[in-house]
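Trainee: Could you take me through the site around the ligand, with care over what surrounds the ligand and what kind of space holds it?

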Amino acid sequence: MAETIFSKIISGAIPCHRVYEDEHVLSFLDIAPLAPGHTLVIPKEPARTLDELSDEAAAAIGRVLPRLCRAVKRVTGCAAYNVLQNNEALAHQAVFHVHFHIIPKPDEQRGLGVRWPSGSLGANAAELARRLAEAARGA
Ligand code: 5GP
């Protein structure tokens, strides 16, 4: 995988405001926060998108995410927050090293704004679910 800003942060070549670190995970403040306390959580394992992450690295992230969310809630005083994880440029990924955003939502203006163009399940829903279930078993 090509070097990214985040691999440079992991190696210490670029500084960050560190929030948490263990063998597999690093967490630090986002340099351009959508709201105060906007925190990033990244695996140390180099992976471009979430689907490329090993089970071990994914488990390590999953273990600490709730704890980091509690820390963000406690320190910002925000009960509302979003956890966001973008994959590929079309889905707004700008840094091509897996990362989770924890974004406090203090009010309507700050934090994450979401466009949610809901559709409805079509007649092929059962077939779609069956195919996805089959793919998940083989993934
Ligand atoms: P993405 O759009 O890829 O999901 O989000 C990347 C995030 O990384 C953005 O919110 C951006 O502000 C943050 N970011 C980019 N470069 C740096 C950096 O050098 N340091 C820190 N702390 N955050 C960064």
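**The ligand site**

Mentor: By class, the shell around the ligand in this predicted model is made up of ten nonpolar, five polar and one charged residues. Those 16 surrounding residues include Asp30, His92, Ala94, His99 and His101, which are the closest ones. Helix 1 (5-11) and strand 2 (25-29) each contribute at least two residues to the shell, and helix 1 gives the largest share, three residues.

The side chain of His99 has an N or O atom that is 2.7 Å from an oxygen atom of the ligand. Of the 520 Å² of accessible area that the ligand has on its own, the protein covers 82%.

The space that the ligand takes is the largest pocket, whose volume is about 380 Å³. This pocket is lined by 19 residues, and those closest to its centre are Phe6, Asp30, Ile31, Ala32 and Leu40. Helix 1 and strand 2 are the elements that give two or more residues to this lining, with the largest share, three residues, coming from helix 1. By class, the lining of the largest pocket has 13 nonpolar, five polar and one charged residues.

The second largest pocket has a volume of about 200 Å³, and His92 is among its lining residues, together with Leu84, Asn86, Ala91 and Arg115.

Definitions and conventions
Residues are numbered from 1 along each chain as its sequence is written. This is a predicted model: local features need pLDDT of at least 70, side-chain atom pairs count only at pLDDT 80 or more; totals for chains, interfaces and linings use all residues. Side-chain values use heavy atoms; hydrogens and water are left out. A residue is near a molecule or strand if one of its heavy atoms lies within 4 Å of it. A polar contact is a pair of N or O atoms within 3.5 Å; within protein, one must be able to donate a hydrogen and the other to accept it, and residues adjacent in sequence count only if both atoms are side-chain atoms. Accessible areas come from the Shrake-Rupley method with a 1.4 Å probe; for residues, only the protein chains shown count as cover. On a 1 Å grid over the protein atoms alone, a cavity is a set of points where a 1.4 Å probe fits but cannot get out, and a pocket is an open set with protein on both sides within 12 Å along at least five of seven lines; lining residues have an atom within 4 Å of a point. A molecule sits in a cavity or pocket if more than half of its atoms lie within 2 Å of its grid points. Helices (H or I, at least four residues) and strands (E, at least two) are DSSP runs, numbered from the N terminus. Ala, Val, Leu, Ile, Met, Phe, Trp, Tyr, Cys and Pro count as nonpolar, Asp, Glu, Lys and Arg as charged, and the others, Gly among them, as polar. Grid points are joined across faces, edges and corners, and a volume is the space filled by probe spheres set on the points.
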